[in-house]
Amino acid sequence: MDRFGSSKLRIGWTLVCLFFAGLVLMGIRGQQGPDGSQIIVFGTQVPLGADSLRAYALGSLQGVMYWLVSLVVLLGAFGPVSQWTAAAARGERLKGFFAGTGMGFVHGLFLSQVALIPVWVLSLRLIGEAWPPELLRADLHGLLLGLQMLLWAVLLSRLLKSSAGLALLLTLLLRELGPRLSFFLDFGQDLGWSAGQVKVLEVFVRLLPMAQLPSDPFSPLALPLSIGGPLVLGALAMLLPAGGRK
């Protein structure tokens, strides 16, 4: 695991997250009263009016968790895995792809869950629940999105051998493309598309990472496409020749 970061990095990361969790615990709390709800931040009152404190807090924290977890998983593992998959031998590239992705995801899992400690504490201080189901669901979807983005980033870095940074940028752009294409899944037939074309587009959209937190309940049936698809494509990319003829 030292390929993805030293033990000093993990200890320092944990201490920083615990420090922010302590600040949240001491300085932030929610208050629901007859005149409305408010958030008190180090003695400063932030009124929310008639908005429900629970709905406001969960709506805000869900997006933060989904974004934070997925990016920590991606950025915590992309560099080492992309270097591992740049080996000259195909066997080493395949080993680096599968083993590196697995180990990188475990490392990103640790970093992301530690990074969520201040968020769990904030949830406790605002609504009195540390692990509400809505946030647990956002955490799970964030982990799956992070793994999906990692697979796409490694795949693109193999195709764009000269620029790993460009591969990372394209992965983030694909993350934004998915929700835009979802419009055509809902209204494609109204625009004149056939049912077959909409179905093909649906399969393609399933392969892409989604920047928007899914509103549907978690479905294990989506994993074969969202995770298995990029995994197969990435393995095929590892079989490509290491370089062209001189």
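A salt bridge here is a side-chain nitrogen of Lys or Arg within 4 Å of a carboxyl oxygen of Asp or Glu. Keep that in mind for the first stop. The model is predicted.

**Stop 1: Arg54 and Glu129**

Select Arg54 and Glu129. Their closest N and O atoms are 2.5 Å apart, and the two form a salt bridge. Which parts of the chain does the pair tie together? Arg54 lies in helix 2, while Glu129 lies in the loop between helix 4 and helix 5, so the bridge ties parts that are 75 residues apart in sequence. Arg54 is partly exposed, at 33% relative accessibility. Glu129 is partly exposed too, with a relative accessible area of 30%. Arg54, Glu129 and Glu134 are linked in a network of salt bridges.

**Stop 2: the whole chain**

Zoom out and show the cartoon. The chain holds nine helices and three strands. Follow the chain along the sequence, and the pattern reads α-β-β-β-α-α-α-α-α-α-α-α. The C-alpha atoms fill a box of roughly 75 × 55 × 30 Å, taken along the principal axes. Of the 246 residues, 42% count as buried. Take the contacts with a separation of 6 or more: residues 24 or more positions apart account for 69% of them.

**Stop 3: Phe42**

Select Phe42. Its place is in the loop between strand 2 (36–41) and strand 3 (44–49). Is Phe42 buried or exposed? Phe42 counts as exposed, because its relative accessibility is 56% and the cut-off for exposed is over 50%. Next, show what Phe42 touches. Leaving aside neighbours within four places in sequence, Phe42 is in contact with Leu23 and Gly27. From C-alpha to C-alpha, Phe42 and Arg29 are 8.8 Å apart in space, and they are 13 residues apart in sequence.

**Stop 4: the aromatic pairs**

A search of the whole structure finds three aromatic pairs. Start with Phe97 and Phe98. Their ring centres are 5.2 Å apart and their planes stand at 70 degrees, so this pair is edge-to-face. Phe97 is buried, with a relative accessible area of 0%. Phe98 is partly exposed, at 43% relative accessibility.

Move on to Trp120 and Trp131. This aromatic pair is tilted, with 6.5 Å centre to centre and 50 degrees between the planes. Where do the two residues sit? Trp120 is in helix 4 (residues 117–127), and Trp131 is in the loop between helix 4 and helix 5, 11 residues apart. Trp120 is buried, with a relative accessible area of 10%. Trp131 is exposed, at 58% relative accessibility.

**Stop 5: helix 6**

Select residues 164–187, which make up helix 6. This helix has 24 residues. From first C-alpha to last, helix 6 reaches 36 Å, close to the 34 Å expected at 1.5 Å a residue. Look along the helix for a bend. Where is the kink? A kink of about 25 degrees lies at Gly178, shortly before the proline Pro179.

Colour the buried residues of helix 6 next. They are Ala167, Leu168, Thr171, Leu174, Arg175, Gly178, Pro179, Leu181 and Ser182. What covers them? The cover includes helix 2 (53–84), helix 5 (133–159) and helix 7 (195–207).

Stay on Arg175. Its side chain meets that of Glu176 in a salt bridge of 3.7 Å, N to O. Arg175 counts as buried, at 8% relative accessibility. Glu176 is partly exposed, with a relative accessible area of 34%.

**Stop 6: helix 7**

Step across to helix 7 and select Glu202 and Lys199. The two form a salt bridge, with their closest N and O atoms 3.7 Å apart. Both lie in helix 7, three residues apart, about one turn of the helix. An α-helix has 3.6 residues a turn, so residues three or four places apart point the same way. Glu202 is partly exposed, at 27% relative accessibility.

Technical notes: Residues numbered from 1 in each chain as written. Predicted model: local features only at pLDDT ≥ 70, side-chain atom pairs only at ≥ 80, totals over all residues. Heavy atoms only, no water. Helix = DSSP H or I, 4+ residues; strand = E, 2+ residues; numbered from the N terminus. Expected span 1.5 Å × (residues − 1). Bend = angle between axes of the 7 residues up to and from the residue. Buried < 20%, exposed > 50% of the residue type's maximum accessible area, 1.4 Å probe, protein only. Contact = heavy atoms within 4.5 Å. Phe/Tyr/Trp six-rings, centres within 6.5 Å; stacked < 30°, edge-to-face > 60°.
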